[in-house]
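Hi,

Here is the structure I promised to pass on to you. Please have a look at it first, and then read my notes below.

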Amino acid sequence: MILIFVGWGLMQAWAPLGANLQLNMAPVSTHLEQLATISVSPHRTLSVSIFFLSHALFGYSVFRYIERRANGVQLVRFFGFVSLAYAAYGFAVYVSGNESVLWYEKWAGLEALTSSFVNRNSYAAFAGLGLQCLISYAIFWTQDELSENRKGRELYRHILETIIQKGWWLPVAILVTATVTILTHSRAGFLSTALAVFALFILSPNRYQRTAHFRKSLVGYSVVLATAVGLFYMSGELLDARLQEKVGSGLRFQNYSYVIAAIQDRPLLGYGLGAFDNVHLTYRTPYDLGWFNRAHSDYLELMHNAGIPGATWLVVALLLPITFLFKRLKFGLQYRVFVALGITSSLQLALHSFVDFSLQIPAISYFWVAILAMSLAIANRCELAR
């Protein structure tokens, strides 16, 4: 289905339909009306179509790489190390003055932690995915300890000793990554990550029928929740202030009316993938505040560029693998957390995409595709092995 969407993008770039009077291009400037294709910017549409195609091929490559479930575990562990590296770098820059992004002087988000990203919301999405990978690996790593016959203090002492001796880096990595996610001061990034992590804890346990195991898991989740609340109160003053702001007061929400107006003028065919700013500027007035080369809502921008039918097709195409993962959770056994990770990482970005454009950032989109492909591969292997 993704390939069909890519085909639609190619049709927008090449199909000679732009001169059709039924396309209702009246609100758009004259030079755009003269184009002979559906897309008002064919070269951008072609580029974005290839961008989508590259994600499909990359996801297939990752899926084929996970020939054994152990490969998936190693991949998630690698993602955790990468996320920790980004978080450590970002925290070091933040506490040392927060004046640069890599070797460039920082020009945006001066009060927020952004690591090597320019946009704090984008880094919050990236850090959220990394945090979920770390938590997933931690759950996988400790669940065997929970399932042994040890009880009471003996069990918890054994888990603590094991973590100190073998897995000391995991709680450190989770703590650092959770802290930097809060320090981005991104409301959507923080809330979408928090909801996704909560869903990950709900979906991950693989022994619901055992009351004792549920109680042990509940204790662990309570500790995590208490730690998260503590981190928020210690480092989330600016984030708390932003959360207190009235929803809908930002410029992006005021700008949505122009995006919706453009969608209404060309709802079926769209203006071409990647052609948002070419059209959007013609709808705004010189008196409007802010500058928008993106809609700050992936859903609205997708409808704007691909048309409502094309956008619906893509969303349905992305929901199918999520449905597949939900149905295979019961086959996960000890790998269930990695099947759940594909669902919750998608949930995080699906929520965040309502008010931002994180999936248009390659570092985030490829990261998510790799997680989803890994989850699909593990789910498939678990079902075949049952």
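Leaving out neighbours within four places in sequence, T177 is in contact with S83, L84, A87, A127, L131 and L134, where contact means heavy atoms within 4.5 Å. T177 belongs to helix α7; helices here are DSSP runs of H or I with at least four residues, strands are runs of E with at least two, and both are numbered from the N terminus. The relative accessible area of T177 is 1%, so this residue is buried. For that term, buried is under 20% relative accessible area, exposed is over 50%, and partly exposed is in between, with a 1.4 Å probe and protein chains only.

Before you go further, please keep in mind that this is a predicted model, in which local features need pLDDT of at least 70 and side-chain atom pairs count only at pLDDT 80 or more, while totals for chains, interfaces and linings use all residues. Residues are numbered from 1 along each chain as its sequence is written, and side-chain values use heavy atoms, with hydrogens and water left out.

Now to the chain as a whole. Its secondary structure amounts to 15 helices and two strands. There are 386 residues, and 49% of them count as buried. If you take the contacts between residues at least 6 apart in sequence, 77% join residues at least 24 apart. The accessible surface is about 19000 Å², with 66% of that belonging to carbon and sulfur atoms; accessible areas come from the Shrake-Rupley method with a 1.4 Å probe, and for residues only the protein chains shown count as cover.

Back to α7 and its partner. Helix α4 (residues 69–95) and helix α7 (residues 169–183) have axes that come within 9 Å and cross at roughly 50 degrees. That angle makes α4 oblique to α7. The axes are lines fitted to C-alpha atoms, for helices over the stretch in contact, and the angles run from 0 to 180 degrees between N-to-C directions. Angles under 35 degrees count as roughly parallel, over 145 as roughly antiparallel, 65 to 115 as roughly perpendicular, and the rest as oblique. The α4 and α7 crossing is left-handed, a term used if the near helix is turned anticlockwise from the far one by less than a right angle, with right-handed used if it is clockwise. On the α4 side, R77, F81, S83, L84, A87, A88, F91 and Y94 take part, and they meet W169, A173, V176, T177, V180 and L183 of α7. Sorted by class, this contact of α4 with α7 has 11 nonpolar, two polar and one charged residues. In this scheme Ala, Val, Leu, Ile, Met, Phe, Trp, Tyr, Cys and Pro are nonpolar, Asp, Glu, Lys and Arg are charged, and the others, Gly among them, are polar.

Helix α1 (residues 2–14) turns up in two pairings. With helix α3 (residues 42–65), the axes come within 8 Å and cross at roughly 165 degrees. That makes α1 roughly antiparallel to α3. Here α1 passes α3 in a left-handed crossing. The contact of α1 with α3 divides into 12 nonpolar, four polar and no charged residues.

With helix α13 (residues 298–328), the axis of α1 comes within 9 Å and the crossing is at roughly 165 degrees. The two helices α1 and α13 are therefore roughly antiparallel to each other. This crossing of α1 and α13 is right-handed. The contact involves I2, I4, F5, W8 and Q12 of α1, together with L302, N305, A306, G310, W313, L314, A317 and L318 of α13. Its classes are 10 nonpolar, three polar and no charged residues.

What does Y366 touch, leaving aside its neighbours within four places in sequence? Its contacts are F51, S54, H55 and F58. Y366 and F58 are 308 residues apart in sequence, and their C-alpha atoms are 7.8 Å apart in space. Y366 lies in helix α15 (residues 362–385) and is partly exposed, at 25% relative accessibility.

Lastly, two backbone angles for you. N98 is not a glycine, yet it has a positive phi of about 55 degrees. N98 is in the loop between α4 and β1 (100–101) and is buried, with a relative accessible area of 8%. L102, also a residue other than glycine, has a positive phi near 55 degrees. L102 sits in the loop between β1 and β2 (104–105) and is partly exposed, at a relative accessible area of 39%.

Best wishes
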